[in-house]
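Here are my notes on the model you sent. Please read them with the structure open.

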Amino acid sequence: MTDHLLAAVVDHLAVANWMFATVHRDEDAEPAEYPEAVPRPSGATAEVVDNLQAGGEGSAATPAEIVAFLSSPG
């Protein structure tokens with residue numbers, strides 16, 4: 001679970017940096033390439049990772065899952 005969460009953090013940080021660079025670039029400069037997703041430890045395919053990053057079906061946790069995750073001892 002921790003490895004997946006860290007991979008998600010890295011992906012989101014990379015996208016945030018890409019957005020910042022895109023907004024603050026010179027109008028005449030070429031756009032920066034969109035960052036690639038960090039491979040997941042489970043060997044999830046790129047299609048699954050892209051689906052999760054795009055907010056695809058099943059990517060959001062339910063309120064019950066969030067409560068269970070936050071209340072678990074570790």
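1. W18. Start with W18, which is partly exposed at a relative accessible area of 25%. On this scale buried means under 20% relative accessible area, exposed means over 50%, and partly exposed is in between, with a 1.4 Å probe and protein chains only. Bear in mind that this is a predicted model: local features need pLDDT of at least 70, side-chain atom pairs count only at pLDDT 80 or more, and totals for chains, interfaces and linings use all residues. Residues are numbered from 1 along each chain as its sequence is written, and side-chain values use heavy atoms, with hydrogens and water left out.

2. The aromatic pair. How many aromatic pairs does the structure hold? There is one. W18 and Y34 form it, edge-to-face, at 4.9 Å centre to centre and with 75° between the planes. W18 lies in helix α1 and Y34 in the loop between α1 and α2, so the pair ties together parts that are 16 residues apart in sequence. For the term: rings of Phe, Tyr and Trp (its six-membered ring) pair if their centres lie within 6.5 Å; planes under 30 degrees apart count as stacked, over 60 as edge-to-face, and the rest as tilted. Y34 is partly exposed, with a relative accessible area of 45%.

3. P35. The loop between α1 and α2 also holds P35. P35 touches W18, along with A14 and V15, when residues up to four places away in sequence are not counted. Contact here means heavy atoms within 4.5 Å. The C-alpha atoms of P35 and A14 are separated by 6.3 Å, although the two residues are 21 residues apart along the chain. P35 is partly exposed, at a relative accessible area of 22%.

4. The overall layout. The chain has three helices and zero strands. Along the sequence the pattern reads α-α-α. Helices (H or I, at least four residues) and strands (E, at least two) are DSSP runs, numbered from the N terminus. The chain counts 74 residues, and buried residues make up 8% of them. Accessible areas come from the Shrake-Rupley method with a 1.4 Å probe; for residues, only the protein chains shown count as cover.

5. The salt bridge. Which residue forms a salt bridge with D11? The partner is R40, with the closest N and O atoms 2.6 Å apart. A search of the whole structure finds one salt bridge. D11 lies in helix α1 and R40 in the loop between α1 and α2, so the pair ties together parts that are 29 residues apart in sequence. The definition asks for a side-chain nitrogen of Lys or Arg within 4 Å of a carboxyl oxygen of Asp or Glu.

6. Burial of that pair. Are D11 and R40 buried or exposed? Both are buried. D11 has 5% relative accessibility. R40 has a relative accessible area of 13%.

7. H24. H24 sits in the loop between α1 and α2. It is exposed, with a relative accessible area of 55%. A polar atom of the H24 side chain lies 2.9 Å from the backbone oxygen of F20.

8. The nonpolar patch. M1, L5, I66, F69 and L70 form a nonpolar patch on the surface, with about 540 Å² of accessible area together. Helix α3 (residues 63–71) gives the most to it, with three residues. F69 lies in helix α3 and is partly exposed, at a relative accessible area of 42%. Patches are made of residues with over 30% relative accessible area and no salt bridge: like charges are joined within 9 Å, nonpolar side chains (Val, Leu, Ile, Met, Phe, Trp, Tyr) within 5 Å.

Terms used
A polar contact is a pair of N or O atoms within 3.5 Å; within protein, one must be able to donate a hydrogen and the other to accept it, and residues adjacent in sequence count only if both atoms are side-chain atoms.
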